[in-house]
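User: Please go through the pockets and the helix packing of this model with me.

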Amino acid sequence: MAEGDDAASRDSADERWMRVALAAALEAAADGEVPVGAVAVLGPDGRQLAVDRNRRESLADPTAHAEMLVITEAAAAVGSWRLEGVTVYVTLEPCAMCAGALVLGRVDRLVYGAPDPKAGACGSVLDVLGCEGLNHRVEVTGGVLPDECGSVLSEFFAALR
């Protein structure tokens, strides 16, 4: 397979998994949670380890972000805190807490949908994943289905006003 074919295949897989995360985000919105969804996938064949959504309101837990929940579920699924070979897909650029958890969990790759100009820690406000002093590097791909991911959030917040 040519290099361009690999890139096209990866883009297609990224969009497919982002749609799984988007479905979780829509479930969050239906429950009155900020609509962010995430999915953790293992290996090049893409075995789904975990899918979840924000649950801060329902769990009364400020750490119950979609990314944190899938990181915890993925670690349980593989039986290790080291999430080597795992890609996390999330509809919104992670905050500092979630970006730190991606590093500490040794996640290989992050793919996010919409940038977060107010709290994004993967380049928008901070760049936790780009910090050279950290002991692990997470590969980052941003802007996968950004309009769809962003509109779910915009519509949610517009309905609150």
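User: Which element gives the largest share of the lining of the largest pocket?
Analyst: This is a predicted model. The largest pocket has a volume of about 420 Å³. Of the 20 residues that line this pocket, those closest to its centre are Val34, Val36, Leu92, Asp116 and Leu153. The largest share of the lining, four residues, comes from helix 5 (residues 146–160).

User: How many residues of the lining of the largest pocket are nonpolar?
Analyst: The lining of the largest pocket includes five charged and four polar residues. Its nonpolar residues number eleven.

User: Which element gives the largest share of the lining of the second largest pocket?
Analyst: The second largest pocket has a volume of about 340 Å³. Gly43, Pro44, Thr87, Tyr89 and Arg109 are the closest to its centre of the 20 residues that line it. Two or more lining residues come from each of strand 1 (37–42), strand 3 (86–92) and helix 1 (3–30). The largest share, seven residues, is given by helix 1.

User: How many residues of the lining of the second largest pocket are charged?
Analyst: By class, this lining has seven nonpolar and five polar residues. The charged residues number eight.

User: Is helix 3 roughly parallel or roughly antiparallel to helix 4?
Analyst: Helix 3 (residues 66–78) and helix 4 (residues 96–104) have axes 9 Å apart and pack at an angle of about 20°. Angles under 35 degrees count as roughly parallel. Therefore helix 3 is, relative to helix 4, roughly parallel.

User: What is the handedness of the crossing, and which residues of helix 4 make the contact?
Analyst: Helix 3 passes helix 4 in a left-handed crossing. Helix 3 contributes Glu67, Met68 and Ile71 to the contact. From helix 4 come Met97, Cys98, Ala101 and Leu102.

Technical notes: Residues numbered from 1 in each chain as written. Predicted model: local features only at pLDDT ≥ 70, side-chain atom pairs only at ≥ 80, totals over all residues. Heavy atoms only, no water. Axes fitted to C-alpha atoms, helices over the stretch in contact; angles between N-to-C directions. Parallel < 35°, antiparallel > 145°, perpendicular 65-115°, else oblique. Left-handed = near helix turned anticlockwise from the far one by under 90°. Contact = heavy atoms within 4.5 Å. 1 Å grid on protein atoms, 1.4 Å probe; cavity = no way out; pocket = protein on both sides within 12 Å on 5 of 7 lines; lining within 4 Å. Points joined across faces, edges and corners; volume = space filled by probe spheres on them. Nonpolar A, V, L, I, M, F, W, Y, C, P; charged D, E, K, R; others polar.
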